[in-house]
Amino acid sequence: MTKLRVAITGAAGNLGGLLAKKMKEQDVHLNLLIHNKGVDENLRDQANISIFSIDLANVDSLHNALKDVDVVIHFAGVLFKAHPEKFLPKTNTLYFNNLLEVAVQQKIRRVILISFPHVEGESTPQNPAQGSLDGKPESAHALTRLEEEKLLFQHAQTHNIEAVSLRVGMVYGKGILMIDAAQWFARYHLLGVWRKPTQIHLISKIDFVDTCISAIEKPNIKGIYHIGDEGIQSLQIFLDTITTYKGNAKPWRMPVWMILLAARCFEFYSWLTGSKSPLTVDFVKIGMVSYYGDTSRMRQELLPTLKYKTFENGLELF
């Protein structure tokens, strides 16, 4: 029997790399698609792994990487860069459309997009996101990701593709860039958060990866799935808990204007030096919106049992 061949875009990144490390032990062949960054050394020189340097802006660079592939899971994107509202319409929607066009030509069976519940606008545990494509989010990150979802399902209607969107809340655990950055700032008493409670939907990095594998391998998977655990908490409580667990300072409660000023300073320095910006105005804009998804489809079809039902159960992952 021919091995399932899976292509992971953004395989050198945070979440794509986590998935690749877990899947390399399975009876599948992985095509790891990277750009300007090498994969982890544990993923090199593996019999069941092929590594392709691609550029999503260049359609010609994608054909060999997607040849004979059964499933594509798309993580690739540009983050931590100044003024995302200027480049995201290109790096999200245009580049993803290039990927879809080649996927159609290569007759790929399933395309999975990693998305997030923010695309529906504000949602809460009392009024969770349900899987709509009619949202009107404010941030550039959410707006362009919603456009990606629409492109995906439009292609599914006109071509023989199983289209899957995994709308993921915040993934937590050591090694997750935003979590590690928060701990670094807290270590030096520099972490701040706005005062108004923001409801967030969490999932451990272990359960997230297992959900992705189910979405890749299980038959008859298509449509929108909200991915999250059973906990209900605010961003403020989450940050208070994980920072003190590691012996760091709780985040300061700060006025929004002060956080926006810090974001503008980070963006200016990023623009000036070409370095990464750990905080942007658009990050603040999307971060202040509560988000929580209805995970009933995830429970029924992808991952009935979580290893970590709440982030308090998963503190060992930090």
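**Entry 1. Ground rules.**
I number residues from 1 along each chain as its sequence is written, and I use heavy atoms for side-chain values, leaving out hydrogens and water. Because the model is predicted, local features need pLDDT of at least 70 and side-chain atom pairs count only at pLDDT 80 or more, while totals for chains, interfaces and linings use all residues.

**Entry 2. The second largest pocket.**
I looked up the second largest pocket and noted about 190 Å³ of space in it. A pocket here is an open set of points on a 1 Å grid over the protein atoms alone, where a 1.4 Å probe fits, with protein on both sides within 12 Å along at least five of seven lines. Grid points are joined across faces, edges and corners, and the volume is the space filled by probe spheres set on the points.

Which residues lie nearest the centre of the second largest pocket? I found G13, N14, G17, K21 and D40 there, out of 16 lining residues; a lining residue has an atom within 4 Å of a point. Helix α1 (residues 14–23) gives the largest share of this lining, 4 residues. Helices are DSSP runs of H or I with at least four residues, strands are runs of E with at least two, and both are numbered from the N terminus.

By residue class, I noted 6 nonpolar, 5 polar and 5 charged residues in the lining of the second largest pocket. Ala, Val, Leu, Ile, Met, Phe, Trp, Tyr, Cys and Pro count as nonpolar, Asp, Glu, Lys and Arg as charged, and the others, Gly among them, as polar.

**Entry 3. Salt bridges.**
How many salt bridges does the structure hold? I noted 12, where a salt bridge is a side-chain nitrogen of Lys or Arg within 4 Å of a carboxyl oxygen of Asp or Glu. Side chains of opposite charge can pair when their charged atoms come close.

I first looked up E162 and R110, whose closest N and O atoms are 2.7 Å apart in a salt bridge. E162 lies in strand β6 (residues 162–168) and R110 in strand β5 (residues 110–115), so this pair ties together parts that are 52 residues apart in sequence. R110 is buried, at a relative accessible area of 0%; buried means under 20%, exposed over 50%, and partly exposed in between, with a 1.4 Å probe and protein chains only. I also noted that salt bridges link R109, R110 and E162 in a network.

Next came E120 and R167, a salt bridge with the closest N and O atoms 2.5 Å apart. E120 is in the loop between β5 and α4 (140–158) and R167 in strand β6, 47 residues apart, and the pair links distant parts of the chain. I found E120 buried at 19% relative accessibility, and R167 buried at 0%.

I then looked up R297 and E301, whose side chains meet in a salt bridge of 3.1 Å, N to O. R297 and E301 are 4 residues apart in helix α10 (residues 296–302), so about one helical turn separates them. Both are partly exposed, R297 at 28% and E301 at 25%.

Most residues other than glycine have a negative phi. I noted a positive value for D68, near 65°, in the loop between α2 (63–66) and β4 (71–74). Is D68 buried or exposed? At 56% relative accessibility, D68 counts as exposed.

H189 also has a positive phi, near 60°, and H189 is found in the loop between α5 and β8. L190 is in the loop between α5 (177–187) and β8 (192–194). With W184 and Y188, L190 forms a nonpolar patch on the surface, about 340 Å² of accessible area together. Such a patch takes residues with over 30% relative accessible area and no salt bridge, nonpolar side chains (Val, Leu, Ile, Met, Phe, Trp, Tyr) being joined within 5 Å. The areas come from the Shrake-Rupley method with a 1.4 Å probe, and only the protein chains shown count as cover for residues.

**Entry 4. Distances.**
I looked up R195, exposed at 53% in the loop between β8 and β9 (199–200). Its C-alpha atom is 30 Å from that of D134, 61 residues apart along the chain. G169, buried at 13%, is in the loop between β6 and β7 (170–172).

Definitions and conventions:
Patch = residues over 30% accessible without salt bridge, like charges linked within 9 Å, V, L, I, M, F, W, Y side chains within 5 Å.
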